[in-house]
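My notebook on this one starts here.

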Amino acid sequence: MPVIGICFMLLFKSAGWQCRQSIIAIALTERRCAAIGSSSVAVVHLFEPASGSTVTTNGHKEFKDPEVDQVQDEYGNFLFSDDGTPKIIKEDQDYYDELYNHDGTRKDDTWPWWLPDDATYLDHAGCTLYPTSLMHRFTQDMTSNLFGNPHSASPSSMLSSIRVEDVRDRVLRFFNADPEHFDLVFVANATAGIKMVMDGFRDLPTGYWYGYHRDAHNSLVGVREHANSARCFANDDEVEKWIAEEDEDTTSTSARLFAYPAQSNMNGRRSPLRWCSEIRRSKPCTYTLLDAAAFLTTGCLDLSNHEEAPDFICMSFYKIFGYPDLGGLIVRKASGDMLTRRKYFAGGTVEMVLTVGSTWHIKRDGVHETLEDGTLPFHNIVALGHALDVYTELYTSPRNVSAHASALAKSAYDRLSSLRYSNGAPVCEIHKDSLASYDDSTTQGPTVAFNVRRPDGSWLGKSVVEHAAIQHGIHMRSGGVCNPGGTATVLQLSPQEMHHNYDAGQRCGDTNDVMGGKPTGILRISLGAMSSMEDVDRFVKFMKEWCVKQDGAGEVPTVPVHLTPKTGFLKVKIMHVSGAEKSKGFRYMLKNITSRSLVA
Ligand SMILES: Cc1ncc(COP(=O)(O)O)c(C=O)c1O
């Protein structure tokens, strides 16, 4: 059978096998394109929606669709197995098996069926899983419509502009944010949103004071570098006291910015959202930046009361919906001019610019109009519209996601806390904040941060555990997780110790797991909307079987090899691997010798 015929056959296998399943169709087509060259052009139009009907001829299934008559005439000699399913060559059988159940029905259209069966994905705080149906819808939309660069009058451009504004409005409503009081600025990611706030404040004539909570992600911490002065609040008490304190200088017009994460990306601890309104009431000229990146993976943000809301809220949509890779900065319009007075302008943010003979310009009006530099990631914004639809259809509301993920996290926490070695020593030291409880989703998100001890109480290296997890198909995170204050606090690492570790060679992401008798980083599992109790079971089983039964597994010596004394070093890890594990271990070693390690 001609290759192209097989492709069509796959496309029209059944009424359920419609062209809306276009993502795999495109994958197939892409493969075919390479093989069949220009004849593949005929395939492309078949990805339009088609309402197929099924008839039976001579005991075999055949598929008729008025829109594809021509194709059937030309390539209609479909072959079928005895059970009525399409007979396909081995190469395509693998695709077929991946996509379809034995009875020929499409595997769940929502579940990320592309995940290998043995994969246990526990890094939702990194990026949550994207539903298959979201990818299908987006692909279908992209291959049915022409989206041009916004800002022109052409139909393709107008279509993009309309979609962008529609999605902007819908995102605001997703958070119950009235567009009269809030605006959404599309940015690359949460970090870009934070930087946009910083850019506004650094351009103020009087500069700014910056306060940030210990649990801040590095992307928030970096804002201190442009501040006139900055303070890191070491705990909640310090924040509460500062809020309650009377301002010494009530006449100062110098701006202040206080930033904190709604949820720590390190241990999932959730901070009080009320701080934003309290600061507005008690501190003149003080603005709040809420980093909602980790929180929104499963948390509910309700901005219906604009007077109590943070001034600026940054987020990464891929953490909420899995896709697209896009960020947002929600700005309370009453505070918008703190950002719109920034000096920089770009294509898309100005009404007129003079260059030759004069350096005058006039900016556009409005918050997002003044801040969205250059061409918007409009295709990603189109995808975000589908992400909102699919999310609402699947989960109805973030509240359901929150309840689901919290229940799983509580189970993981309870079970990991109770794991014991045969001598009664605990396996895990869990870094739960003392103010948080896994029974209360206002104080704790579905993340468990921990370190592993050996039976004698000494530390088992984080990368040793992570490596074993990888071999068991477990996707998790380890290290300082870009949260220097939170990690240093739970690991009781003083600034002096961290300087010392740095001087001794420790670098972000390396395998210097334990230095000076203390871990240098943590292990983290995080759950999301698509997590299941089976994921938790599998992880606990891994911990039981790997950590508990292999009591001595942690004796992994490390041999540092200095390439050049000052500029870099390469660390070679000697692993205890045996038999079949050996080749895997070797691959892992090679993978870990990154170009960064070698470039010195
Ligand atoms: C709390 C928090 N803030 C900021 C970020 C940075 O997000 P992005 O890398 O999408 O900019 C992250 C990422 O994990 C995060 O968890």
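I began with Cys-482, which I found in the loop between strand S17 (477-479) and helix H18 (484-490). Helices here are DSSP runs of H or I with at least four residues, strands are runs of E with at least two, and both are numbered from the N terminus. Cys-482 has a phi near 60 degrees, a positive value in a residue other than glycine. Buried or exposed, or in between? I counted Cys-482 as partly exposed because it has 17 C-beta neighbours inside 10 Å. My cut-offs: 20 or more other C-beta atoms within 10 Å is buried, 12 or fewer is exposed, in between is partly exposed, with C-beta atoms placed from the backbone.

Next came Gln-492, in the loop between H18 and helix H19 (495-503). Its phi is also positive, about 55 degrees, and Gln-492 is not a glycine. Gln-492 is exposed, because 9 other C-beta atoms lie within 10 Å.

I also noted a cis peptide bond joining Tyr-323 and Pro-324, with omega about 5 degrees. Pro-324 sits in the loop between helix H12 (317-321) and strand S10 (327-332).

**Ground rules.** I'm reading a predicted model, so I note that local features need pLDDT of at least 70, side-chain atom pairs count only at pLDDT 80 or more, and totals for chains, interfaces and linings use all residues. Residues are numbered from 1 along each chain as its sequence is written.

**Confidence.** The chain has a mean pLDDT (the predictor's confidence in each residue, from 0 to 100) of 79, and 71% of its residues reach 70 or more. Over residues 86-92 the pLDDT is below 50, and this stretch has 13 contacts beyond near neighbours in sequence. Residues 553-600 are also under 50, with 46 contacts beyond four places in sequence. A contact is two C-beta atoms, placed from the backbone, within 7 Å.

**Whole chain.** I get 22 helices and 22 strands. Of the 600 residues, 40% are buried.

**Arg-214.** This residue is in the loop between strand S5 (208-213) and helix H9 (218-221). With 21 C-beta neighbours inside 10 Å, Arg-214 counts as buried. What does Arg-214 contact, leaving aside neighbours within four places in sequence? I listed Cys-232, Phe-233, Ala-234, Asn-235, Gly-485, Gly-486 and Thr-489. Arg-214 and Ala-234 are 20 residues apart in sequence, yet 5.1 Å apart C-alpha to C-alpha.

**Cores.** The largest nonpolar core has 79 residues, and Val-185, Leu-257 and Ala-292 are among those with the most contacts inside it. Such a core is a set of buried Ala, Val, Leu, Ile, Met, Phe, Trp, Tyr and Cys residues joined through C-beta atoms within 7 Å. Helix H15 (residues 378-395) gives the largest share of this core, 8 residues. A second, separate core of 36 residues includes Val-401 and Leu-408.

**Ligand shell.** Around the ligand I found residues including Asn-189, Ala-190, Thr-191, His-217 and Asp-291; being near means a C-beta atom, placed from the backbone, within 6 Å. The shell divides into 4 nonpolar, 6 polar and 1 charged. Nonpolar covers Ala, Val, Leu, Ile, Met, Phe, Trp, Tyr, Cys and Pro; charged is Asp, Glu, Lys and Arg; the others, Gly among them, are polar.

**Helix H8.** Ala-190 and Thr-191 are also among the buried residues of H8.
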